[in-house]
Amino acid sequence: MSDAQTLIENRPPSVAGLFLDRVAATPDAEAYRYPVPRASGEGPDDWKSLSWAETAERVYAIAAGLIELGVQPEQRVALASATRIEWILADLGIMCAGAATTTIYPQTNADESAYILSDSESHVLIAENAAQVAKAVEKRDELPRLTHVVVIDAAGVETGDWVLSLEELERRGAARLEKDPDLIKERVGKITRDQLATLIYTSGTTGRPKGVRLPHDNWSYMAKAIAATGLVSGEDVQYLWLPLAHVFGKVLTSGQVEVGHVTAVDGRVDKIIENLPVVQPTYMAAVPRIFEKVYNGVAAKARAGGGAKYRIFQWAADVAREYAKVTQDNFRRTGNRTAPFGLAARHKVADALVYAKIREAFGGNLRACISGSAALAPEIGYFFSGAGIHILEGYGLTESSAASFVNPGEAYRTGTVGKPLPGTEVRIADDGEILLRGPGIMQGYHQLPEKTAEVLESDGWFHTGDIGELSADGYLRITDRKKDLIKTSGGKYIAPAEVEGQFKAVCPYVSNILVHGADRNFCTALIALDEIAILDWAKENGLEGKSYAEVVAAPETVALVQGHVDQLNEGLQRWQTIKKFRLLPRDLDVEHGEITPSLKLKRPVVEREYRHLIDEMYAGAREA
């Protein structure tokens, strides 16, 4: 048996148990860093640290406080908060109490929040601030099981019997622990593998979200499997900004407990650029949209610097992609990441002019990034690879505890999601669907046995709904969502995500794109532009002072995007080409329900919202 198999098969029942072990092993080591705004409100935030022992003191107090409120093993405690240190402390506290965390995105409206609280039968809600508390207060009559609300930031909140502050919860917990110091150890010791640890509601594109039941063993397996990959070590510094209500963010916290490295936590997306040089992470995880925005931002900055600077950037981008493709191919064949002399010389010049500045913007110490949640356009992946920002794409779903595949360090291959985690099995069905089996797969959908039976076979194989291909040596390439494949009226199948990804690589102004063409005789696209990038372009092209909606409606902007569409079409099969497109009057967003909080496109919602534009493009299509 390999070391990885031994590590995984000898896993404890829960991450709560792993947390107790971590605290005992390295009590004085730094565990977390988190920002504290300066009293003056000016200048960058100060950062504070928590050791593992200090973390445990707060976690155990939260756990004991919840027990004081009457929370029993497996009972649900909901968490409605943005990513911050208290989210992690509360989640660990819930697990150490033997209870189960129900995650709620802070952007979720009052109706859907109430549905999740009711369907999950949550007894306590830990809410970030007054805005989150107000949603529960508004729906209190519909939530008879909700006995208490605990608020993290109590400013502007009237506390009492039903609502108490996190500080008060911890105070009650600390008092309980003085009387019963072994309380947490006893609770954690009774946790079983199949005991519910987390309920994560998937943001469905239609209908109500489904609660995915993930037991303690899922997270214990994930923690051990991540450690077994060797991708992270105790010396690492992780920058964690992803939504912790999402399974991708949540799995990163499990891996950290096992490995014991430092995690800097700040979920404010607008602070990423400011934080990276301060935190200087060695690795971070992100969704493709972040890499697209960085790429577009670098391209826009180069364009704003004048023609010469932009030409240098374009040259450097081409060199980066060529260098990445050649060196990855050589590594696959020989085990050495080498390039021919001429290409290596050009790469060295481009590094001094362009790439070094990009690495510096990421903090200067970045060893690798993990990308997941959606497909990364390969041309963007190759650009960063050639620039020395190594993006290891991974793959998983809420139903598989997030991390089913990841690229194996130096042997990563852009355009694939790598190999399965140790202990996870994969096979490709006759219709191309990816099937998974292993200790990371969910128990099922909460109170929905029929829905569970649709995707989970009796022998443990889970139907992902994704289409993919496995290479001879085990690398997986995702081609599309099974339900998203387009079949044209001419009988041709098109993977829209593939076309959309290619467009993002050629157009530095795009924010979101949806390719449409099911049962039609040609493909069209709805395109939303990145506001900052297109307004910067507008200033240089006689459209200064105009609003975003005015800029995207301008003939000059339509002509600009048409040029990029023409460039895209040159590399596509005839039936894949975009014949017509429309620019949207605003970007797609979470608030309108057009993208999920993890920035995935909700196709049915967007197509329904902009049906008039789609119909307009196909008007008179028979003559087209």
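**Close-up views of a predicted model**

**Figure 1. Buried residues of helix α3 are Trp-52, Thr-55, Ala-56, Val-59, Ala-61, Ile-62, Ala-63, Ala-64, Gly-65, Leu-66 and Ile-67.** Here buried means under 20% relative accessible area, exposed over 50% and partly exposed in between (1.4 Å probe, protein chains only); helices (H or I, at least four residues) and strands (E, at least two) are DSSP runs, numbered from the N terminus. The model is predicted, so that local features need pLDDT of at least 70 and side-chain atom pairs count only at pLDDT 80 or more, whereas totals for chains, interfaces and linings use all residues. Residues are numbered from 1 along each chain as its sequence is written, and side-chain values use heavy atoms, with hydrogens and water left out. The 17 residues of α3 reach 24 Å from first C-alpha to last, close to the 24 Å expected at 1.5 Å a residue (the expected span is 1.5 Å times one less than the number of residues). After α3 comes Gly-70, with a positive phi near 95°.

**Figure 2. Confidence along the chain.** The chain has a mean pLDDT of 90 (the predictor's confidence in each residue, from 0 to 100), and 96% of its residues reach 70 or more. Among the elements, the highest mean pLDDT, 98, belongs to helix α3 (residues 52–68), and the lowest, 64, to helix α1 (residues 3–9). Where pLDDT is low, predicted coordinates should not be read in detail.

**Figure 3. Phe-19 and Phe-384 have the most contacts inside the largest nonpolar core, which has 131 residues.** A nonpolar core is a set of buried Ala, Val, Leu, Ile, Met, Phe, Trp, Tyr and Cys residues joined through side-chain atoms within 4.5 Å. Helix α4 (residues 85–96) supplies the largest share of this core, nine residues. Apart from neighbours within four places in sequence, Phe-384 is in contact (heavy atoms within 4.5 Å) with Phe-291, Val-294, Tyr-295, Ile-358, Phe-362, Ile-389 and Ile-391. A second, separate core has 30 residues, including Ile-486, Leu-543, Tyr-548 and Phe-581.

**Figure 4. An open sheet of three strands in the order β24-β25-β26, with mixed pairing.** Two strands pair if DSSP finds at least two bridges between them. The edges are β24 (510–516) and β26 (578–583); each has a single partner strand, so one side of each is left without a neighbour in the sheet. Neighbouring strands are turned against each other by 25° on average, direction ignored (axes are lines fitted to C-alpha atoms, for helices over the stretch in contact, and angles run from 0 to 180 degrees between N-to-C directions). Six bridges connect β24 with strand β25 (residues 523–529) in the antiparallel sense, and Ile-513 stands opposite Ile-527 in β25. Helix α20 (residues 555–570) lies across β25 and β26 and runs at about 150° to β26.

**Figure 5. An open sheet of nine strands, of mixed pairing, in the order β2-β1-β11-β10-β12-β13-β14-β15-β16.** At its edges stand β2 (46–51) and β16 (419–420), each with a single partner strand, so one side of each has no neighbour in the sheet. Strand β10 (residues 237–240) and strand β12 (residues 283–286) run parallel and are joined by two bridges; Gln-238 stands opposite Tyr-283 in β12. Helix α4 lies across β1 (30–36), β2, β10 and β11 (262–265), at about 140° to β1.

**Figure 6. Strand β4 (residues 100–104) is mostly covered, with five of its five residues buried.** Ala-100, Thr-102 and Ile-104 point one way from β4, while Thr-101 and Thr-103 point the other way. Strand β3 (residues 76–80) runs parallel to β4 and is joined to β4 by five bridges. Arg-76 stands opposite Ala-100 in β4.

**Figure 7. Helix α9 (residues 216–229) has 11 of its 14 residues buried and is therefore largely enclosed by the rest of the structure.** From first C-alpha to last, α9 reaches 20 Å, close to the 20 Å expected at 1.5 Å a residue. Among its buried residues are His-216, Asp-217, Trp-219, Tyr-221, Met-222, Lys-224 and Ile-226. Gly-230, whose phi is positive, near 75°, follows α9.

Figure 8. Gln-443 is partly exposed, with a relative accessible area of 31%. Not counting residues up to four places away in sequence, Gln-443 touches Asp-194, Leu-196, Arg-213, Pro-215, Thr-452 and Leu-456. Between Gln-443 and Leu-125 lie 23 Å in space, C-alpha to C-alpha, and the two are 318 residues apart in sequence.
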